[in-house]
Structures are given as structure tokens and as C-alpha cells.
Amino acid sequence: MIPRPFEYHAPKTLPEAIALLNEYGAEAKVLAGGHSLLPMMKLRFAEPAHLIDLGKLAELKGIREAGGEIRIGAMTTENELIWSELLQTHCPLIVEGARQISDPQVRYRGTLGGDLSHGDPGNDHPALMMALDASFVLMGEHGERIVSADDFFLGTYATLLEPGEIMTEIRIPTPAAGTGSCYAKLKRKTGDFATAAAAVTLRTSAGTLSAVRIALTNVADTALRARDAEQYLQGKPLDEPALAEAARLAMAACAPVADLRGDIDYKTAMAGEMTRRALTTAYARAAH
Amino acid sequence: MSNKTVVSFNLNGKQTDVIVEPRELLIHTLREKCLHTGPHIGCETSHCGACTVDFNGMSVKSCTLLTVQAEGAEVQTVEGLAQGGELHALQEGFMQEHGLQCGFCTPGMLMRAYRLLHENPSPSDEEIRYWMAGNLCRCTGYQNIVKAVQYAARKLRGEAVETSHPLMTADTH
């Protein structure tokens, strides 16, 4: 319950935050919503000497459309995602995903950027962002770089973020009209991380699938694309044999760890089932 | 390092200044420095919601917020719900509908329901359950909490309220 002592910084601007992060290096942690970091500090899993609170940086908040993309500030909260009319209309997958993340209080604080930067395979946004072909803006001392969600997650709690960098924005190509999507999440109870979950976006053309992206949550050391299943489905109608084969191929990509949510076989089977359900629902929601 | 700092916030309408270490959690400040001991601590993993307070128009778990983050904030606890000795509709609802037993989750439940009814004055039972999922209760089984929130929602909308647990009258013995 009691974190180790640390020094607290509340920069007013992004350059100030980055300067602090560079000054204190590995001793420092960025504080966003605080709903992963503070719990780890309370259990003494994390013991940073400096916390750099991004809570005062209004520039890291907000959801807007620009240049065919939806751009979301990294400090935008889950609750703000849920109630965004722009997302409800043009990117309902994020809304459906965010509604299944944690609980109301946590969603008032936890942020999109924090969920992604944490690099926990249990988090939901990594797979959602892969399914949406998102990219992330990482800002450091020497400027910004943009990396793809597909490349960002390296391992459990490990991402492409370098020391001294802060994720500032998430960019999502605005899904074409008629895109179907679904996030199917199996969990033991409200607020739990997924036993297994699948995020799907797809489009159809003349009764067949013309574009499919499938990403899986918490069935490997990172979120992952089920690329073999995607390739297999391309150009096919979504009938029962195609669903069964797609689920089998998605399961083949899984490498979960056994824990209280189940053993390897169960989680793998559930990843297949969630893939099947997400595909079926996304297909029903797509324009035909 | 970790020198104490002064943090000023508004607590139930009163300007409040506290001196804290950066690592102090808001729940501890409220309970130990402000002596508002209604908010409780039921876990150390941010699940139970017994520490829920209203913070700048949001329901937050005050065990997962540093007091230094509350600089300039508007904080409301269960102690601020009743006005002039009159119970808030939610407090009355929890009493009338038997929405508490041990009372440990109740301050957090009330503060979460307070914000919920601001945002959605006419929730369905299902919506109440979904939007109060961040608050655990060991005693009630939640059924009467849903009724209590509905009771308060009716009263706040200006409708007639009647408890679903009427007292037995003399002729029903």
C-alpha cells in the first residue's frame, strides 16, 4: 500500500517534461493516469526516485480528425474515449474496447497513452490499435518519430519507447465507411484483464472479405496480429469452414502463459473462440 | 529528496491546506490529516472502490491518487453529501431500500452513485450495475443498492418516492 519516497514534478509544458525526463534518466518515471504505475509502486514492484506528472499538459489531451486520421492525445482518458461522438461515429471499436476496460473510476483517470506505453500484454488497447492500423508519436529531446502499433510492442512491459521519450499522440487512419469491427473479450469479471480477447476490423466486397485485421490480447508476451488467419481469410466469404480455419490459425499464433486465468490450452482455445466471435460480429456490422 | 510540500484543495466547499510527502495517497490525507474517515480502504490493488471520492467532477479511487496531484482540485467526500442536516437523496435511498449492512463500502458507493446520477439522471438497473462496477460490496449482494440508487434517482427527478421495504403496519401482524 505504501510507495517508496520519491520526488514529484509537475511540468507545465511538454518540452519541460522531456527535459526533466532526460535530467533524471532511469531514475524517473512518467506519471499519466497512475492506474498501473501507482499500484506497482504501492506493491514496491516499481521504485522510481522521480515522478514526472503529465497531468498539467493540456496539449496531450483531445480527440480530433486531421488529414484522414483520427488523432488522440496520449493523456486522453478512457472515459473521454467512451463519450467521444467522433469515435462513436467513426471508430466505434475504440468505444467498444474502452467500455470493457476496468471500471468507471479507473476510466476517469487511466489514459490511452498510458495503457499503450505500459506494454502489459493484459491491456486491451495494444490489440485494438493493431486492428486499427494505428501509429504512435514518440517525442524526445531531438524531436518526434512515428512508429507503427504493429512494431511497438517488444515484450512484456517492453516497447520501442526509448529512455527520455514520451508518447504524445495516437494516430488512426479513419476507418472507411462500412468497415465492420468488434472487440470480443473473455474475462472472469468486470474490471479483469482478458483471459483472451480478439480485436477485428474488416471490410467486404461482393460477398467476400476484402480487408481483415485480427489482433489478440493476453495470449502471448505481447499483443499480436494473427497474420496467417488474416491472409487465409482474404478474398473468402465468411462461412463456417472459413471461420473454423481462421480460429485454428489464430490459435496457432498464441503462446500464452498459464496463470489463475487458465492454462495454456484453455487460453489458446479461448483465443480461437474470441476470434470466431469477433469475426462473426464484425462481419454482421460491416456494410455489404 | 521527497521534501514535504503544501497542497491546497477545496474539500466539501472548504479551502484546505495540507503538508504532505509526495508519496502520500489522497485517501490517507483525507482520513489522517483532514479527519474525514468516511472514505475507507478495502484493498491495495485499486479494485474495491471503498475510497471513492468526487474529484473535479469525476469519481476517483483516492487510494490511487497522490495528494500532490490534488493541488487546486475540488474534492467531495461522503461527509459533504448532507446539506444543513438534511440527508442527500442517495443517503435516504440507501437507508430506505436497505442498501447497506456493515457500511464499509457505503461512503464509496454513495459518492460513485452521486456522480452517476449527475451524468445519467434516469439510469436503467443494468446501467446502474455497469456504471457502479468499480465498487465492491461484501454484504448486500448489490440488489438493494440498485434499488437505493433508483429511489434516489426518482427523488432527484422530483417524483414520488416509496420504499420497496415498507414497515409493517399494526394490522399486518
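Reader: How many residue pairs are in polar contact between domain 1 of chain B and domain 2 of chain B?
Author: In this predicted model, the domain assignment divides chain B into domain 1 (5-80) and domain 2 (89-157). Counting pairs in which both residues are at pLDDT 80 or more, the number of residue pairs in polar contact between domain 1 of chain B and domain 2 of chain B is eight.

Reader: Which strands of chain B each supply at least two residues of the side of domain 1 that touches domain 2?
Author: Between domain 1 of chain B and domain 2 of chain B there is one salt bridge, and the side chains of B:Arg115 and B:Asp54 meet in a salt bridge with an N to O distance of 2.8 Å. On the side of domain 1 of chain B that touches domain 2 of chain B, at least two residues each come from β3 (52-55) and β4 (58-61) of chain B.

Reader: What area is buried between domain 1 of chain B and domain 2 of chain B?
Author: The centres of domain 1 of chain B and domain 2 of chain B, taken over C-alpha atoms, are separated by 21 Å, and 19 residues of domain 1 of chain B are in contact with 14 residues of domain 2 of chain B. Carbon and sulfur atoms give 56% of the area buried between domain 1 of chain B and domain 2 of chain B, and that area is about 1200 Å².

Reader: Where does the UniProt entry place the feature "domain: FAD-binding PCMH-type"?
Author: The UniProt entry that carries this feature is unreviewed, and the feature belongs to chain A. Over residues 1-177 of chain A the chain is 33% helix and 25% strand, with the end C-alpha atoms 48 Å apart. The record places the feature "domain: FAD-binding PCMH-type" in chain A at residues 1-177.

Reader: How many salt bridges are there between domain 2 of chain A and domain 3 of chain A?
Author: The domain assignment of chain A gives domain 1 (7-53), domain 2 (65-171) and domain 3 (180-285). The side chains of A:Asp150 and A:Arg225 meet in a salt bridge, 2.7 Å from N to O. Between domain 2 of chain A and domain 3 of chain A, the count of salt bridges is six.

Reader: Which element gives the largest share of the side of domain 2 of chain A that touches domain 3 of chain A?
Author: Across the interface of domain 2 of chain A and domain 3 of chain A there are 13 residue pairs in polar contact, both residues being at pLDDT 80 or more. At least two residues of the side of domain 2 of chain A that touches domain 3 of chain A come from each of α5 (92-98), α8 (125-131) and β8 (153-155) of chain A. The largest share of that side of domain 2 of chain A, five residues, comes from α8(A).

Reader: What area is buried between domain 2 of chain A and domain 3 of chain A?
Author: Taken over C-alpha atoms, the centres of domain 2 of chain A and domain 3 of chain A are 20 Å apart, while 23 residues of domain 2 of chain A are in contact with 25 residues of domain 3 of chain A. Carbon and sulfur atoms give 53% of the area buried between domain 2 of chain A and domain 3 of chain A, which is about 1900 Å².

Reader: Which three residues of chain A supply 25% of the area that chain A buries against chain B?
Author: The contact between the chains takes 33 residues from chain A and 36 residues from chain B, and chain A and chain B bury about 2900 Å² between them, 62% of it on carbon and sulfur atoms. The three residues that supply 25% of the area that chain A buries against chain B, more than any other three residues, are A:Met1, A:Gln105 and A:Tyr108.

Reader: Which element gives the most to the side of chain A that touches chain B?
Author: Nine residue pairs are in polar contact between chain A and chain B, with both residues at pLDDT 80 or more. The elements that give two or more residues to the side of chain A that touches chain B are β1 (7-9), α2 (37-42), β3 (50-53), α3 (78-82) and α6 (104-109) of chain A. With six residues, the element that gives the most to this side of chain A is α6(A).

Reader: Why does the pair of A:Asp103 and B:Lys61 join two chains?
Author: The whole structure holds 27 salt bridges over all chains. The pair joins two chains because A:Asp103 lies in the loop between α5 and α6 of chain A, and B:Lys61 in strand β4 of chain B.

Terms used. Residues are numbered from 1 along each chain as its sequence is written. Chains are lettered from A and ligands numbered from 1 in the order in which they are written. This is a predicted model: local features need pLDDT of at least 70, side-chain atom pairs count only at pLDDT 80 or more; totals for chains, interfaces and linings use all residues. Side-chain values use heavy atoms; hydrogens and water are left out. UniProt positions are given in the numbering used here, feature names are shortened, and annotations may be inferred rather than shown by experiment. Helices (H or I, at least four residues) and strands (E, at least two) are DSSP runs, numbered from the N terminus. Domain bounds come from an automatic or database domain assignment. Contact means heavy atoms within 4.5 Å. Buried area is the accessible area (1.4 Å probe) that two parts lose on being put together, summed over both. A salt bridge is a side-chain nitrogen of Lys or Arg within 4 Å of a carboxyl oxygen of Asp or Glu. A polar contact is a pair of N or O atoms within 3.5 Å; within protein, one must be able to donate a hydrogen and the other to accept it, and residues adjacent in sequence count only if both atoms are side-chain atoms.
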